[in-house]
Every structure is written in C-alpha cells, then in structure tokens.
Amino acid sequence: MKQPDKNISRYPVPEFDSLPEDLKETFLAVQEQFGFVPNVFFALAHRPAELRAFLAYNEALMNKESGLTPAEKEMLIIAHSNYNGCTYCVMSHGAALRGITENPYIAEPIAVNYHEADITPREKAIIDFAMKLTIEPATVNENDFEVLKGFGLNDEDIWDVAGITSFFNLSNRMMNFAAVRPDDQFFSMGR
C-alpha cells in the first residue's frame, strides 16, 4: 500500500499498517478497484469510527437503486461542492462524472455555471433543488417538489436528492476544514 504524502490534510494521516483490520481490507479493495486510495480515505481515517459511518452512508446513498442516474447524482454534488468551495469534491466527483458519461468536457461547466452547461432541463431542476437545499434550506416547499415531479421524480427520488445533497454538504465542510488535497489522479481521469 502506497502511503500518501503527510501533507494531504491538516490533521495527522495514519499509516496504513496502523489501521484497524476492516479498514485495511476496505483500503485494499479501493486500491484494487481504482488503482489508488483517494486521499479522503486516509484523511478521514484519522477517526476510524467516523470513516466507517461516512463510507456506510456514502454506500447507502450512491450505490442503491434510485430514480436518479449515477450522472445526475454526480452533477448535483459537483454544483453544490463548487458553491461551497470544496476543491476536493469538485475534482473527485468531476472525475467520476467524466468517467460515467465518457464526456471529458462536462464537469467544469457544471461546476462554474450549471445553467449554461450542456445538460437536460431535468438535470438542471435537480441541481436547482440541491442548490436551494444547500443555500436556503428553510425555503424548500411543496412547489419545489412539484417542479421535480414534473420532471418524473417521485417522493423517494426527491429524498435521494436531499440525502445526497445533505451528505455531501457535510463532506464539503469536512474536506475544507481538514484541508484535504485532491488526488493528482483526479485531474486527468476521464480526459
């Protein structure tokens, strides 16, 4: 296991050999799948119980059957992560979106101004809702639900949008707080 640079986070980064066995197994599986272990894993391993909870919630949100496409999930994360100034999440989820869509030009326009990006009206409506939940959560109302239902989302899909948005707003804040550096691999993935 290649140990990351100690400067990937403002908090101490644990050595791989010091990790609990279950996390070692997780890290090895991630390395096998992606060819590297993203810095977020090592950074959050500073508190193993919290990393486990983070990974479990991420799995529950991102890898379940949903009326949202994988691309829609990544798009909404990119847009609000940019609003929150989270370079780590913009870069990592931008790489994921480029891989999913096989479009090397999709992620940056969504991050900068999704209203001008070459995406569907449904995708823009999903991002609009995610942005409202990010910026003005107390103003979410029935009209917002009706707009999304007009684009074919049901109540469970809307819950998925809210859950993903809320979870990744937490992630944005943790990445910013801990100053987690994006992995170099993210800059070239899907290009």
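**Pocket and helix packing**

Colleague: How does the lining of the largest pocket divide by class?

Modeller: Ala, Val, Leu, Ile, Met, Phe, Trp, Tyr, Cys and Pro count as nonpolar, Asp, Glu, Lys and Arg as charged, and the others, Gly among them, as polar. A pocket is an open set of points on a 1 Å grid over the protein atoms alone, where a 1.4 Å probe fits, with protein on both sides within 12 Å along at least five of seven lines; lining residues have an atom within 4 Å of a point. The lining has five charged, nine polar and 21 nonpolar residues.

Colleague: What kind of model is this?

Modeller: Residues are numbered from 1 along each chain as its sequence is written, and side-chain values use heavy atoms, without hydrogens or water. Local features need pLDDT of at least 70, side-chain atom pairs count only at pLDDT 80 or more, and totals for chains, interfaces and linings use all residues, since the model is predicted.

Colleague: Which helix gives the most to that lining?

Modeller: The largest pocket is lined by 35 residues, with Phe-34, Asn-58, Asn-63, Glu-74 and His-93 nearest its centre. Helices H1 (21–34) and H4 (70–83) are among the elements giving two or more residues; helices are DSSP runs (H or I, at least four residues), numbered from the N terminus. With eight residues, the top contributor is H5.

Colleague: At what angle do H5 and H9 pack, and how are they oriented?

Modeller: Their axes (lines fitted to C-alpha atoms over the stretch in contact) are 8 Å apart, and the angle, on a 0 to 180 degrees scale between N-to-C directions, is about 125 degrees. Angles under 35 degrees count as roughly parallel, over 145 as roughly antiparallel, 65 to 115 as roughly perpendicular and the rest as oblique. H5 is therefore, relative to H9, oblique.

Colleague: Which residues of H7 meet H9?

Modeller: The axes of H7 (121–135) and H9 (155–178) come within 10 Å and cross at roughly 50 degrees. Ile-158 and Asn-169 are among the H9 residues in contact (heavy atoms within 4.5 Å). On the H7 side they are Ile-126, Phe-129, Ala-130, Leu-133 and Thr-134.
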